Amino acid sequence: MMNNILLEIKDLEIDYGIVKAVKGVSMVVPKGSIVALLGANGAGKTSTIRSISGLTKVKSGKIIYNGVEIQNLPSYEIVKKGIMQSPEGRMILNGLTVEENLMVGAYSIKSVKEDGIKKKRKFLLQNNLEEVYSYFPILKERRKQQASTLSGGEQQMLAIGRALMGSPEFLLLDEPSLGLAPLIIKDIFNIIKKIKEDGRTILIVEQNAKQTLKIADYVYLLEVGKVKSHGKAKDILNDESLISTYLGSNN
Ligand code: ATP
């Protein structure tokens, strides 16, 4: 087993009453990588990613993060371990400004002592804000604006920025391309790649397979709650028959 594993899922099962959404999924996410979870509507992608952040109950199986089991821990405990999620549908608070929305993502940030020096919360928040604005300069320009006035692409940037405000080691992204124009998707995906290159680990759930495969390192393909196939993104990207059979015609 690789020793650079950040997250390991073993035999995950999730039920909603009689609906078996996830039926024995196992996967690993190496540190510093982008892993993509792909598959058609209803394949179990969202259920899987939400179970990692504690938003969906696990029926059986294990979710091991940095060597510690985290399945069914409350979300706030999972956030404290360094996992933040940008949810499907973005869940922006429309009545708040852009900057207020970002601050919502920073609720877990506390003053810390590092090498004997106390770093105050205010200082850490400022650092995090600057980091988010460096990825998404448009959010800085619009920081005082109500979030409801943003375009879809800007709202998606805000959802990712809000998750980054918690300084996550592990960033979970649920369908960042949903409802966006191809050019904006390309921009956002390039920034996701940059976030990885700056040292974070990312798990991304997507229906837009081809774009995702271009930035991902490793891919798991789900079909009706099971892993149908997995491998290096560049190998799957070249497998036209796999793509057309299971991943639709998105490009
Ligand atoms: P999508 O891309 O549409 O979100 P998905 O691959 O993320 O699809 P899930 O959302 O995890 O799939 O759904 C997996 C299965 O579980 C589907 O059959 C779905 O209808 C069902 N399901 C999801 N959430 C619930 C729920 N809260 N109650 C009942 N069934 C649910």
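## Ligand contacts

In this predicted model, a polar side-chain atom of glutamine 207 lies 3.0 Å from an oxygen atom of the ligand, a polar contact being a pair of N or O atoms within 3.5 Å. The protein covers 62% of the 630 Å² of accessible area that the ligand has on its own, with areas taken from the Shrake-Rupley method and a 1.4 Å probe. Backbone N or O atoms also take part: one of glycine 42 lies 2.7 Å from a ligand oxygen, and one of threonine 46 lies 2.7 Å from a ligand oxygen.

Around the ligand there are 14 residues, of which Asn41, Gly42, Lys45, Thr46 and Ser47 are the closest; a residue is counted here if one of its heavy atoms lies within 4 Å. The largest share of this shell, three residues, is given by helix 1, where helices are DSSP runs (H or I) of at least four residues and strands are runs (E) of at least two. By residue class, the shell holds five nonpolar, six polar and three charged residues, with Gly counted among the polar ones.

## Basis of the model

Residues are numbered from 1 along each chain as its sequence is written, and side-chain values use heavy atoms, with hydrogens and water left out. Because the model is predicted, local features need pLDDT of at least 70 and side-chain atom pairs count only at pLDDT 80 or more, whereas totals for chains, interfaces and linings use all residues.

## Salt bridges

Nine salt bridges are counted, each a side-chain nitrogen of Lys or Arg within 4 Å of a carboxyl oxygen of Asp or Glu. One of them joins arginine 200 and glutamate 131 at 2.9 Å, N to O. This pair links distant parts of the chain, 69 residues apart, with arginine 200 in the loop between helix 7 (182–197) and strand 10 (201–206) and glutamate 131 in helix 4 (residues 121–135). Arginine 200 counts as buried because its relative accessibility is 13%, and glutamate 131 is partly exposed at 21%; buried means under 20% relative accessible area, exposed over 50%, and partly exposed in between.

Lysine 80 forms another salt bridge with glutamate 77, the closest N and O atoms being 3.9 Å apart. Both residues lie in helix 2 (residues 75–80), three residues apart, about one turn of the helix. Lysine 80 is exposed, with a relative accessible area of 56%, while glutamate 77 is partly exposed at 27%. Elsewhere, Glu13, Asp15, Lys20 and Lys59 are linked in a network of salt bridges.

Technical notes. Polar contact = N/O pair within 3.5 Å; in protein donor to acceptor, adjacent residues only side chain to side chain. Buried < 20%, exposed > 50% of the residue type's maximum accessible area, 1.4 Å probe, protein only.
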